[in-house]
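Please open the structure in the viewer and keep the selection panel at hand.

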Amino acid sequence: PFPLYYIPFVGVATAKYYELLRVLVTWVARHVFQVDVTLLANGSGDSTFNYVQLFCFLVLAATATLVWSLLDRKRRNYARLHEWLRVLVRLSLATAMVTYGGIKLIPTQFPAPPLDRLLQPFGDASPMGLLWTFIGASKAYQSFSGAAEMLGGLLLIGRRTTLLGALVSIGVVGNVVMLNFSYDVPVKLYSAHLFLMAVFLVAPDLRRLADFFLFNRTPAPAETRPLFRRVWLNRVVMACCAALVLYTAGEALYYSYQSLIAPKSPLYGIWNVEEVVIDGQAQRAPALDESRWRRVVFDSPSRLAIQLANQHRIRYNLNLNPQKRLLELTKREDPKWKSTLSYERLGADRLVLAGKLDGRQVRVSLRLDAQPDFLLVNRGFHWINEYPFNR
């Protein structure tokens, strides 16, 4: 849990925490909701496991609140503890903002549309696929949105600029939340939590904001509650917070840059299928059978896509081993599924794949196709348009 994962050598403790959490969530799902859930590392933050986990957090928080309130009911306020909570929320939100900002400022969160995506029929794309494509098609827009996220996160470092940073974050994250809900992106829970964190930081200043924006009154000065009585201790905390957020921003920018300059696949291109031999039987003319292979597409070194005659795509995770000339495949939706194909390059434009796929022995002969001039990525920017170029 944040920020423990920034502390060296605490992996054992956090691993035990996550294992305990997994056991708790699994038990609650089975005995309260009568469902069996599994924690899958597949990129979705809106799985059944996540919703049951959220329910567990809510019950634990409500229970802790009740017990704490009963045991300490004579205390009038928690002003100092509230300030520490604001520090934690500021750091949580700021690190998330600069991380997402970094991978957009150097445009890698939404990569340029890959070759297999450009070959996909427009109407066959999922809403999330469409979102990734339209943002990835414009590096300028992606960098702009990343700069806005980065700005919100950096403003959250200082106590004097926290309100402004939270307001920027509300605008930026509010847009992200709407995109996630509108395009069915499975980060709805997490983005909604980030939005509520920003709202929490703004809440104490709502009266002051209303005075300024609605009632044309001079707002009262913000009340400042130091964390410590000694000034130097407050400065140390401020410096540590700034160092953490700036380190996170630098880390995100560094890894984004490394991803941006990563080499393309050595087999990069669109390869047309000339012949497929399955279990020793040749199958030509793929257009006669919609389920037959039409193209094999290599773009990212970690992805392989097969396009069938009916335009449907089958996408695989790929581990390419150039030394052994092997393609190790797994399915994105089924991590347990595995297959290994050997490849042999017979020339600059000829490639042969061979091996076992879905329990059948296959041998595929491919020829490199000339890359089409895709309008989406080659149209470019124009200051002057005599007519709308809307196709």
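The stops that follow concern nonpolar cores, a surface patch and a pair of aromatic rings. The model shown is predicted.

**The largest core.** Select Leu91, Leu93, Leu156, Leu201 and Val245, which have the most contacts inside the largest nonpolar core, a set of 29 residues. Next, colour the helices α3 (79-105), α7 (162-182), α8 (188-202) and α10 (231-260); each of these elements gives two or more residues to this core. The largest share, eight residues, comes from α3.

**Around Leu201.** Centre the view on Leu201 and display its contacts. Leaving aside residues up to four places away in sequence, Leu201 touches Arg86, Val89, Arg90, Leu93, Leu156 and Ala166.

Now select Trp27, Val32, Phe33, Val35, Phe55 and Val59, which make a nonpolar surface patch of about 500 Å². Within this selection, Phe55 belongs to helix α2 (residues 48-71). Phe55 counts as partly exposed because its relative accessible area is 33%, which lies between the limits of 20% for buried and 50% for exposed.

**An aromatic pair.** The structure holds eleven aromatic pairs. For one of them, select Phe381 and Trp383: the pair is edge-to-face, with 5.0 Å centre to centre and 85 degrees between the planes. Phe381 counts as exposed, at 63% relative accessibility, and Trp383 is likewise exposed, at 79%.

Notes. Residues are numbered from 1 along each chain as its sequence is written. This is a predicted model: local features need pLDDT of at least 70, side-chain atom pairs count only at pLDDT 80 or more; totals for chains, interfaces and linings use all residues. Side-chain values use heavy atoms; hydrogens and water are left out. Patches are made of residues with over 30% relative accessible area and no salt bridge: like charges are joined within 9 Å, nonpolar side chains (Val, Leu, Ile, Met, Phe, Trp, Tyr) within 5 Å. Accessible areas come from the Shrake-Rupley method with a 1.4 Å probe; for residues, only the protein chains shown count as cover. A salt bridge is a side-chain nitrogen of Lys or Arg within 4 Å of a carboxyl oxygen of Asp or Glu. Helices (H or I, at least four residues) and strands (E, at least two) are DSSP runs, numbered from the N terminus. Buried means under 20% relative accessible area, exposed over 50%, partly exposed in between (1.4 Å probe, protein chains only). A nonpolar core is a set of buried Ala, Val, Leu, Ile, Met, Phe, Trp, Tyr and Cys residues joined through side-chain atoms within 4.5 Å. Contact means heavy atoms within 4.5 Å. Rings of Phe, Tyr and Trp (its six-membered ring) pair if their centres lie within 6.5 Å; planes under 30 degrees apart count as stacked, over 60 as edge-to-face and the rest as tilted.
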